Amino acid sequence: MDRTFQVDLRGVVDLLSHHLYGSPRVFVRELLQNAVDAITARRAVEPDAPAVVRFEPPALTGDGTLRVHDSGIGLTEAQVHELLATIGRSSKRDELGFARHEFLGQFGIGLLSCFLVADEIRVTTRCGDDRTVLWTGYADGRYAVELAAPDAGRAEPGTTVTLVPRRDTDRWFSVPTVTELARLFGSLLPVDVRVGDVPTTAGPPPWALTGSSAARRQALIGYAQETLGFVPFDVVPLSVPEAGLTGAAFVLPVPVNPAARAGHRVYLKRMLLTEAADGLLPDWAFFAQCVVDASELRPTASREALYEDSLLEATREALGDQLRGWLVRLAGSDPNRLAEFLRVHHLGVKALALHDDEMLRLVDEWWPMETNTGQLTLAEFRQRHGLVRYAASVDEFRQLAAVAAAQDLPVVNAGYTYDAELVERLPALDRDVLIERLEPSDLTTRFDTLDPAAELALRPFVTAAQRSLDRLGCEVVVRAYDPASLPALYLVSRSAAFQDQLEATREKADELWAGVLDAFAASGPPERPQLVLNHRNPLVRRVTTLGDPALVGLAVEALYGQALLLGHHPIRPADAALLNSSFLGLLGRAVSGQE
């Protein structure tokens, strides 16, 4: 025999309060939603019907209850049974006409949210010339329906919902709280919403105002300042007709963390859905905060977020295109303003430029990058120097920029976020663009070799110097280069750096993983880092004339340590020990004598 599921209403309410709704405050929104839907239904047949929703908190009713009156269409006795006493039967809601497109509610569970703050709900409703129906629902699942006497009940069509507060929910029923929530959720509604005699609606949204664009812009700036708490850098109008979306994007006036997404304020049919919607804009557009109203986007069951579907995805792309178009127009009409924007929000623009050619052109032309010949845009750098030679990390640029400049090698610092990827994308804009990553070998080929007689005379010194650095895997070379004030330069090729990292990892790995890493080891003798001593430096020339091999070793070790520090290279334990021993050794030589 078939049996019917039994529903524990207290359990359902607990589920709603802890897992569906974020806060009990939604009861005001749900009451507003039902009232506005009822008014919309009545105006469909009576266009001139009044559109009023009035809240009366306990302080105004005087009997400890909260009442909400609306001038809507009201319910018949049959509709009361179907809509107020049935949870989740959306098909019956459709049949009765309360789930059509123009209505706010779609899930049929809104009144249930009132049990988050009330133990008893009373509904007094009248439809047309029918008698007034009285419905009373209790948090334990019971309900009762009766007809008012012919000479009693409501005089006009509409509904009054009365909530009997629970003992622990008094704060939700105070006049300031109800007023604040009514204004929060319903300030843009096209009906007259009041708490007592105090109006809480503010008319149409500022982006829907008619008049000059300048006046509308000022209204939007004022709205952002009052509602969002900041004066925007700029305002971008938004419109996505297929989503029934209108609104504005407010460009933030200060830098923000790209990982901290801005919460967007979303209204559905002018009822506030959420103040912190995520996923409305593409990830790269973290520099903008939106306020929008939509009629076609779907809310989640809690009506506190947007439902992720193909329409939301298409809307996100359309809004991204509109922000992108604003940037392109700004570049063409006000370059100084664009430069100011880029100084604040360059990360977002560069993130977009990784996959958008138009934005890449904008970055190429307008974003100044650090080079060893001064601040230049990539377009200016190409115009002056042709080949775009770049360092892929900030440390690499710091190590080599000054020496490269002395060898007439212009270099771009592409070590900041996204910069290297953007430089590597430049040929996608123009096949004639030449790019090249800076290698230490680019410098050594520019260094001057010594004449054969000088090299022969330096051979004993080089042998002693090499002996002192062999244990560190470093090759000692003597060359002549500018600037002469630099005594030594430590150069590591990418292949040598990879081998160093591989060796360090092998030392920490267990036997199994060490065997796996062996497969990545380069075949043949590994390429070693070089300590390139500058023969043009007076100190280096004096060191090369030392006759004491031990003193030569200490001096070369000290130069090696200084080259590591100046080049911002990582210091290994062996390097730290060498720095310490060379310093103490040279100090001991300098102050030698009897104690």
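Tyr490 and Tyr560 are both buried. This is a predicted model, so keep that in mind throughout.

What kind of pair do Tyr490 and Tyr560 form? An edge-to-face one: the centres are 5.6 Å apart, with 85 degrees between the planes. Now look at where the two rings come from. Tyr490 sits in strand β20, residues 488-491. Tyr560 sits in helix α19, residues 549-566. The partners are 70 residues apart in sequence, so the pair ties those parts together.

The structure holds 10 aromatic pairs. Here is another one, Trp135 with Tyr143. Their ring centres are 6.3 Å apart and their planes meet at 25 degrees, so this pair is stacked. Is Trp135 buried or exposed? Buried, at 4% relative accessibility. Tyr143 has a relative accessible area of 38%, so it counts as partly exposed.

Next, charges over rings. Arg142 lies over the face of Tyr138, at 4.3 Å from the ring centre. Arg337 puts its charged end over the ring of Phe233, 3.7 Å from the centre. Phe233 also belongs to an aromatic cluster, together with Trp284, Phe287, Trp326 and Phe341.

At its start, a side-chain oxygen of Asp309 comes to within 3.3 Å of the backbone nitrogen of Leu311. Which residues of α8 are buried? Trp326 is one of them, and others include Leu312, Arg316, Leu319, Leu323 and Leu330. What covers the buried residues of α8? The cover includes strands β9, β10 and β13, plus helices α9 and α10.

Last topic: the nonpolar cores. The largest has 58 residues. Which of its residues touch the most other members? Phe27, Leu31, Val53, Phe55, Ile121, Leu163 and Phe250. Helix α2, residues 26-45, gives the largest share of this core, with eight residues.

Take Leu31 as an example. Setting aside neighbours within four places in sequence, Leu31 is in contact with Phe55, Leu66, Val68, Leu111, Cys114, Val161 and Leu163.

There is also a second, separate core, with 56 residues. Leu319 brings us back to α8, where it is among the buried residues.

Methods:
Residues numbered from 1 in each chain as written. Predicted model: local features only at pLDDT ≥ 70, side-chain atom pairs only at ≥ 80, totals over all residues. Heavy atoms only, no water. Phe/Tyr/Trp six-rings, centres within 6.5 Å; stacked < 30°, edge-to-face > 60°. Buried < 20%, exposed > 50% of the residue type's maximum accessible area, 1.4 Å probe, protein only. Helix = DSSP H or I, 4+ residues; strand = E, 2+ residues; numbered from the N terminus. Lys NZ or Arg CZ within 6 Å of the ring centre and 35° of its normal. Core = buried A, V, L, I, M, F, W, Y, C linked by side-chain atoms within 4.5 Å. Contact = heavy atoms within 4.5 Å. Polar contact = N/O pair within 3.5 Å; in protein donor to acceptor, adjacent residues only side chain to side chain.
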